[in-house]
Every structure is written in structure tokens, then in C-alpha cells.
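These notebook entries set out what I looked up in the structure below. I begin with a salt bridge and then turn to the interface and the sheet.

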Amino acid sequence: MTSLHYSLLATVFLFAAAPAMAATDGTLGDTSEGSSDIDLTLPPTVKLTGVGDITLAPNADALAANVTMFDDVCVYSNVTAARNFTVTASGDGAANAFTVTDGTTPIAYTVTFKAGTGGTGTALTAGTVSGNFANGANNYDCTGGATSSFDVTFSPDAMQAGFAGDYTGTLTLLVSPGV
Amino acid sequence: MMPRRTKSVLWALLMAPLLSTGSARADVQIINLSDLATAPSANLPGQITLRDEVCVRVTPGQTSYRARIDGRDGQGFTLAPDSGSERLPFRVAWDTGSGTAEERSDPGDMGVFAVSSHGCATDAWLAAVEVRITRDDLQAGLAGPYHGGLVIEISAP
């Protein structure tokens, strides 16, 4: 190997091995100056708050059309400048189906999720990660108010097929950092 | 007749020893600095405090010193993200261990401090610098690495 090759290798090694910076002590004198590096890594973080229960008690006439209830929630996210996050909704029916039941008969419902204000929500598929939602809050306490909402909708067909009585179910919303 | 320039040089040479022995020289030194690093969990706690204990060496008999702390990149007390432009602010405190810790949100003179009662080397006394990041600022910051630095200058008061 020629000396030029050795020189090139040494140069590459020196650049590769050089630390970014490191703490330095001061020298003795009438002034003395030292320095320290500061490194902080914030992990991707999300937090869902403000979730409430949803109760519907439609009268007989209401069974002729969709019955929808919504709940305002707050999602904190520190991922990307848009504060993105995803939502995975799961029901407690078979295979995470969105259903309520009276113990024997399930009634299906649909779920939509909306980030920000205005516009329509995005339909969620049970057990499936959504696409990115944006406009998450920038603090855990949601001092700016609710950032998002979700709707639960029962169709006339589903309700009319059910028997009179009380139906219950659990909807689980899993919020994850977006990309 | 002596030229004026020669006369000035001779005057300076004669006066220099007198001026230098007019008062005892007060030397200082800051040592034992370390880098500060943290990677908190996703469940962000309240305020994060990063603390580095250092030693301040002073001339024997000297009982106080002045501390000045600046950000390393001239951007105040802030950390720069690897990506994006939103810097993360922090506050800095200087603690001599005597129960007083001056805290500042902007670079500059931290004040004059009595040497602590805790020795850490020959003629050197313990002190600590603390970097404090508030809960609100941590939550407002975007995920990812942030970098910055402190420059600490110690001098005779």
C-alpha cells in the first residue's frame, strides 16, 4: 500500500472517530472557561384524554334513520410539526367487531373519527390502524380544548333487526404516534 | 537628549514590576465538567433537571468568585432540534451548595458566589450547574434529539 493510501485511510479514520463535542475544563488564570454539551431526546408521545361514555335511547320514530352520538376528546401528540397520530378502534364483538349486545343478539355500529374542527370524520375499520390524523394538542392538559371527536352511528337496518331492550358494548380507541 | 520613544519604553519597563506586585493575583479555574444528557420516557415527567457537579479552584484566601454562563451557539439558553426549527428553551441555575441557586432564563452574569464549604480538590470547592426544562416546554417540544451546550466562565469578583 502506498503512503498516499495510508494517509487517506488515516484521514478517514480521524474524521470518523472525532466526537461531536465534549465537556472541557477551564485553565487556571484570572478567568477560567469550561463547557458542557447538553443532549436531550424526546420520545414520540401521544395521550388520549376526555373520553366519555355514549348513551343512546332513541324513540321508535328514530329507528327509521341513522342514530349518531359523538364524543369530543383530546389527543396530544409531539410527532411532526403537524402533531400527527393514528387511531385504532376496536369493539368488543367477535374479531373486534363494533357491536353492542343484549347478551344474545349483537347490533352493529360504525365509528368515524375526526381531528380538528369542521368537516366529516374518517370511517374506522375495527382493529385496523387508521391513516394519519393531524392537529394534536401541544400539551397534556389540552388547555386549548378538545382536538378531536368520534362518532358512533347505528343504521336503521341494524336497529330494526334488534329486539327491544338494553344493549351495551365497549369501544376501545388506541392512539399511537403518527408519521 | 533621549528620544521620546526610548523614554516611554524605559518608563514602562521600570513600572511593570511595581504594577504587577501591587496586588496579589487571584487565579480561578473550573474543572470536572461533564456533558449532560437524558432521554426521558414517553410518559414525560414534570420538569427535567440535569445537574453537573463541578469544582471551582480559587487562590488560597479567596472567598468568592463570579460565574457567567452562556449558551454555546449564541442562541440563548435553547436546544436545537436535529430536524425542524423549533428550539427548546431551558433555564440554568448555579448552585454553590449553600442553599442559594441563582436561576436564569437568559445567558449572562450569574452573580458573585461565596465558595462552598465542600472541597473537591486542592483549593477547589464544589459547585453545580443545573439545566432545567419545564413540563410545558417538554410537552410542546416535538419528538426527536435536541443538542446544545453551556459555556461557564469563572472569574475573580
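**Entry 1: Salt bridges**

I looked up B:Arg51 and found that its side chain meets that of B:Asp95 in a salt bridge, at 3.2 Å from N to O. B:Arg51 lies in strand β3 (residues 48-58) of chain B and B:Asp95 in strand β7 (residues 91-95) of chain B, so this pair ties together parts that are 44 residues apart in sequence. I note here that the model is predicted. Over all chains, I find 11 salt bridges in the structure.

**Entry 2: Chain A against chain B**

I next asked how many residues of each chain are in contact with the other. On the chain A side, A:Ile38, A:Leu40 and A:Leu42 supply 23% of the area buried against chain B, more than any other three residues.

**Entry 3: Polar and charged pairs between the chains**

I recorded 2 salt bridges between chain A and chain B. One of the salt bridges joins the side chains of B:Arg72 and A:Asp37, at 2.1 Å from N to O. Between chain A and chain B I also recorded 28 residue pairs in polar contact, both residues being at pLDDT 80 or more. Strand β1 (residues 31-42) of chain A gives the most to the side of chain A that touches chain B, with 12 residues. Sorted by class, that side has 12 nonpolar, 15 polar and 7 charged residues.

**Entry 4: A strand pairing across the chains**

I then followed β1(A) to its pairing with strand β2 (residues 36-38) of chain B, which is parallel and runs over 3 bridges. In this pairing, A:Ile38 stands opposite B:Leu36 of β2(B).

**Entry 5: The sheet of chain A**

Which strands form the open sheet of chain A, and in what order? I found 5 strands in the order β2-β3-β9-β7-β8, with antiparallel pairing. At the edges stand β2 (46-49) and β8 (122-124) of chain A, each with a single partner strand, so one side of each is left without a neighbour in the sheet. Neighbouring strands of this sheet are turned by 30° against each other on average, direction ignored. I looked up β2(A) as well: 4 bridges join it to strand β3 (residues 67-77) of chain A, and the two strands run antiparallel. A:Lys47 has A:Tyr76 in β3(A) as its bridge partner.

Methods. Residues are numbered from 1 along each chain as its sequence is written. Chains are lettered from A and ligands numbered from 1 in the order in which they are written. This is a predicted model: local features need pLDDT of at least 70, side-chain atom pairs count only at pLDDT 80 or more; totals for chains, interfaces and linings use all residues. Side-chain values use heavy atoms; hydrogens and water are left out. Contact means heavy atoms within 4.5 Å. Buried area is the accessible area (1.4 Å probe) that two parts lose on being put together, summed over both. A salt bridge is a side-chain nitrogen of Lys or Arg within 4 Å of a carboxyl oxygen of Asp or Glu. A polar contact is a pair of N or O atoms within 3.5 Å; within protein, one must be able to donate a hydrogen and the other to accept it, and residues adjacent in sequence count only if both atoms are side-chain atoms. Ala, Val, Leu, Ile, Met, Phe, Trp, Tyr, Cys and Pro count as nonpolar, Asp, Glu, Lys and Arg as charged, and the others, Gly among them, as polar. Two strands pair if DSSP finds at least two bridges between them. Axes are lines fitted to C-alpha atoms, for helices over the stretch in contact, and angles run from 0 to 180 degrees between N-to-C directions.
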